[in-house]
Amino acid sequence: MTDVKNKYPDITMAQLYDDDVIYSSRPSYISNPWLEPDEHQSNFLSARELLIADMPVIVHEASVTDKLAQLFALVDHSIPDNLYYFKDQTSYETLLQRLSKDEGRKIYFQYVHGENLVPAEQYAMDKQTFVDLNNKSKIPEWTEGKYLPRREVVEFEEFEQVVRNWPLPVVIKPGDELPTAGGYGVMICYTQDELEQAIVRVKKAEEATDTLIIEQCVEAVGNYCVQFAQHPDKGIIYLGAAKQLTNEYGFYKGNINAQHVPQAVIDAGYALMKKAVELGFIGIAGFDILEDADGDVYAIDLNYRQNGSTSMLLLASELEGSHHKFYSYVAKGDNERFHETIKTFIQKGVLFPLSYYDGDWYTDHHVDSRFGCIWHADSDETIADYERAFLEQAGLLTE
């Protein structure tokens, strides 16, 4: 087992790209049947990496209001001044076109955008390489056939017939580069009824999906997101790993920093990063790797982009205690109570703010605020206690 601590605590995204690069982590406004279509969630994502970027970032206006400034001030940070703002689809797409086409700036996208918005040559790295690396059907190419559960890539028209011949439980994924954040596009079927529901859902995505992946459901004892950066001077840097918290159906419940990581997981991740760098990849990547009871490792998703837990790893030196948890929360009607509760727990020294999407920025209708953060304490149990108290005080408990 290997200690997870990042040996390069001062790494920022700016160090990995050329000076003319601008970052956008917002998904395109174009509909994607495998990513939950929530405009506010997508806007919220635009400011997720502010504290690790140190480079120009495109952000939604609601994500950088005085509410965020108040939270950052409590941890001796301020909102960066090298930001570009948008407020809706029109202003976002107009901004992208101005920056890329008129000013010749390069964009580093978290998610691929249409050719009509940004020409391929204005991507910070080769666009086709970016698309291919994030195409789930191509994973065997990047793993060189290793670290794979039993899987089959099938054409859309053949999917239903083929999947019915697989033993349950089975995992179904879209076989393309479309993102499936938070497990929203990954279907784990334990029963025949669940399989039938998945088949219906796949049929609804016919226009956007050419191929599907049918995969063995690995019985995992460890679920890691192991992360690396390609630094122009230092080469491939291991940033550490986070354990992924998911329910039995793969839906995301946050990340905790892994106290120790199996060397086989790190080695597999390094091999995946090395292959990508040889193809021209730059930046940060995180690979979802499972370990089973026999110590075998399986690469189930390759994210050649920042992950939600990347900030938790890069900001580790600013966090108290040895145990950290990354997660985000949504207010339930009372944005003021939500914000005040957040401030209370930051002042306790157990909660570190990353982003805040201010629902009160909207004046013509109600929007719930959203908050991205890192819990930090001496044990996972202590964090769980603080989190439950936070949920109760903010009015978010569902029990």
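Modeller: Start with helix H3 (residues 66-73), which lies across S17 and strand S18 (370-377). The helix runs at about 170 degrees to S17. This is a predicted model, where local features need pLDDT of at least 70 and side-chain atom pairs count only at pLDDT 80 or more, while totals for chains, interfaces and linings use all residues. Residues are numbered from 1 along each chain as its sequence is written, and side-chain values use heavy atoms, leaving out hydrogens and water.

A few terms come first. Helices (H or I, at least four residues) and strands (E, at least two) are DSSP runs, numbered from the N terminus. Axes are lines fitted to C-alpha atoms, for helices over the stretch in contact, and angles run from 0 to 180 degrees between N-to-C directions. Contact means heavy atoms within 4.5 Å.

Helix H11 (residues 335-347) also covers S17 and S18, and it lies across strand S16 (323-330) as well. H11 runs at about 155 degrees to S17.

Now the sheet itself. Its 8 strands form an open sheet in the order S15-S14-S10-S11-S12-S16-S18-S17, and the pairing is antiparallel. Two strands pair if DSSP finds at least two bridges between them. The edges belong to S15 (297-303) and S17 (351-357); each has a single partner strand, so one side of each has no neighbour in the sheet. From one strand to the next, the twist averages 25 degrees.

Look at one pair in detail. Strand S10 (residues 220-231) and strand S14 (residues 283-292) run antiparallel, joined by 10 bridges.

Beyond its neighbours within four places in sequence, Gln-230 is in contact with Leu-16, Gly-235, Ile-236, Met-273, Val-277, Phe-281, Ile-282 and Gly-283. Lys-274 is 44 residues from Gln-230 in sequence, yet the C-alpha to C-alpha separation is 9.0 Å.

Next, the nonpolar packing. A nonpolar core is a set of buried Ala, Val, Leu, Ile, Met, Phe, Trp, Tyr and Cys residues joined through side-chain atoms within 4.5 Å. The largest such core has 78 residues; Phe-287, Tyr-304, Phe-338 and Phe-390 touch the most other members. Helix H9 (residues 263-278) contributes the most to this core, giving 6 residues. Take Phe-390: not counting residues up to four places away in sequence, it touches Tyr-329, Phe-338, Thr-341, Ile-342, Phe-345, Leu-351, Trp-375 and Leu-396. A second, separate core has 16 residues, including Val-162, Val-163, Val-170 and Ile-214.

There is another sheet to look at. It is open and has 4 strands in the order S6-S9-S7-S8, with antiparallel pairing. Strand S7 (residues 170-174) and strand S9 (residues 211-216) are linked by 5 bridges in the antiparallel sense. Ile-172 is placed opposite Ile-214 in S9. Helix H8 (residues 192-204) lies across S7, S8 and S9, at about 150 degrees to S8.

Back to H3. Strand S3 (residues 57-60) and strand S4 (residues 83-86) run parallel, with 4 bridges between them. Ile-58 is opposite Tyr-84 in S4. The path goes from S3 through H3 to S4, a right-handed β-α-β crossover. Right-handed here describes a path that runs clockwise from the first strand over the helix to the second, with the strands pointing away from the viewer.

Ser-311 belongs to helix H10 (residues 310-314). Ser-311 is buried, at 3% relative accessibility. Setting aside neighbours within four places in sequence, its contacts are Arg-48, Glu-49, Ile-52, Leu-354 and Ile-374.

Last, the cysteines. A search of the whole structure finds 0 disulfides, a disulfide being a pair of cysteine sulfur atoms within 2.5 Å. For Cys-189, the nearest cysteine sulfur is that of Cys-217, 9.4 Å away. For Cys-373, it is that of Cys-225, 17 Å away. Cys-189 is buried at a relative accessible area of 1%, and Cys-373 is buried at 0% relative accessibility.

Notes:
Buried < 20%, exposed > 50% of the residue type's maximum accessible area, 1.4 Å probe, protein only.
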